[in-house]
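Here are my notes for someone opening this one up for the first time. Have the view ready and follow along.

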Amino acid sequence: MPIALVDCNNFYVSCERVFNPKLEGKPVVVLSNNDGCAVARSNEVKEMGIKMGTPWFKMKDIAKRHGIIALSSNYALYGDMSARVMSILSTFSPKQEIYSIDECFLDLGGFDPQSLVAYGQTIRKTVKQNVGIPVCVGIADTKTLAKLANHCAKKGFAGADSVCDFGLLNEAELRILFASIPVGDVWGVGRQITEKLLTMNINTIQDLRAANTERIRKQFSVVLGLTQQELNGIPCIELDGAGTARQQIMVSRSFGTSVTSIADLAESVAYFATRAAEKLRHDGSVAASVCISLRTNPFKEDEPQYQRSLVVPLSQPSDDTTKLIGAALAGLKAIYRSGFHYKKTGVMLMGLQPKTAIQATLFDDPIEQAKSDSLMHVMDAINQKMGKGSVTTAASGINQRWAMRRESKSPDYTTDWGELPEAS
């Protein structure tokens with residue numbers, strides 16, 4: 001059964017270029033929270049040898065010499081553009097698994113095997129025309145091979161023009177191709193596993209394919225054994241069209257500047273709890289407990305350090321923003337200590353379960369529950385229509401002095417009425 005892996009090229013950078021065509025052909029990096037390090041690089045930047053995760057302060061000299069344009073992360077824009085891309089891709093297959101913000105698997109079972117490359121080119125053209133995002137397509141009989149085919153499509157291996165179908169290569173051609181690709185390029189094979197494989201003289205993907213399966217399982221894990229079978233064309237990882245339900249929801253950010261007062265910390269905690277609650281309701285779930293965490297800056301060794309977390313159980317699983325904020329603030333009050341410069345807080349919703357599966361108790365108040373559901377529905381509807389944060393709780397604050405630093409953020413072109421692009 002052929003599977004396609006569709007991956008957006010340099011996704012964050014591509015999103016920025018859709019609304020600012022002047023960035024086309026220019027070296028561009030998108031920076032992480034608080035403009036810390038590179039989390040996306042254009043091809044022009046990659047060719048300069050700048051690695052993913054390079055701190056911005058280490059790039060400033062080379063950026064000045066080569067005219068690198070640095071942009072702050074705009075997660076609202078990227079999330080909305082991702083939703084548009086995934087919506088279009090869903091029309092190309094009856095079964096889709098969204099793997100990350102910029103890639104998804106498509107089930108191509110039943111399609112004409114000889115027309116899959118042309119179909120992949122149609123996918124590329126449609127996404128580019130309708131959303132403006134360039135994508136590459138990898139096609140193979142397993143998910144691991146589809147990821148690898150996508151890698152080859154991006155690199156232009158095996159004559160691929162942004163679409164690579166391993167089904168068109170015979171076994172001898174595949175062996176030659178895989179013998180030229182480092183084993184570290186395999187999906188799920190990280191740095192530590194790669195280093196151990198190299199000591200076993202397993203240097204390329206073909207070496208891993210040909211290795212003794214029992215030895216691989218004993219030396220590493222069943223997971224790597226399954227990966228090896230997938231590389232040999234034996235499907236072991238199912239396509240999850242429905243998506244796996246989240247077990248936890250975490251919202252956490254580092255502050256743009258250090259915070260000392262519990263009032264500012266409380267604003268950040270309430271804001272993060274609000275964002276987490278929105279995700280919870282989007283999934284149709286409820287949370288049984290809230291974990292609140294805070295910490296100082298571990299990189300400032302000359303300052304006193306403090307780090308704590310606390311789990312606050314709820315009396316009844318809930319998706320109500322106000323109840324989740326109340327639990328989070330109670331946890332913050334319990335673990336806060338004065339005299340420290342705090343750099344980060346976080347809120348994690350735990351014990352998630354479908355809202356439809358909540359077990360009723362004798363103390364439930366159906367009227368209060370109906371009011372809560374109605375209020376949350378109205379809040380979500382207004383924020384979806386008018387933009388995130390249009391309606392929120394007062395506890396989240398207005399000025400938000402703790403907010404992360406984003407000095408070069410592009411406008412929220414697609415999610416904020418006040419920042420819509422204008423034609424001149």
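1. Exposed stands for over 50% relative accessible area, buried for under 20%, and partly exposed for what lies in between, using a 1.4 Å probe and protein chains only. Helices are DSSP runs of H or I with at least four residues, strands are runs of E with at least two, and both are numbered from the N terminus.

2. A word on what you're looking at: this is a predicted model, where local features need pLDDT of at least 70, side-chain atom pairs count only at pLDDT 80 or more, and totals for chains, interfaces and linings use all residues. Residues are numbered from 1 along each chain as its sequence is written, and side-chain values use heavy atoms, with hydrogens and water left out.

3. Ser73 is worth a look, in the loop between β4 (69-72) and α4 (75-89). Ser73 is buried, at a relative accessible area of 1%. Its side chain reaches the backbone oxygen of Leu31 at 2.2 Å, and a polar contact of 3.4 Å links it to the side chain of Tyr75. (A polar contact is a pair of N or O atoms within 3.5 Å; within protein, one must be able to donate a hydrogen and the other to accept it, and residues adjacent in sequence count only if both atoms are side-chain atoms.) Leaving out residues up to four places away in sequence, Ser73 touches several others, including Val39, Tyr78, Arg406 and Lys409; contact means heavy atoms within 4.5 Å.

4. On cysteines: there are 0 disulfides, a disulfide being a pair of cysteine sulfur atoms within 2.5 Å. Cys8 is in none, and the nearest cysteine sulfur, that of Cys15, is 7.3 Å away. Cys8 counts as buried, at 4% relative accessibility. Cys37 isn't in a disulfide either, with the sulfur of Cys15 the nearest at 18 Å; at 22% relative accessibility, Cys37 is partly exposed.
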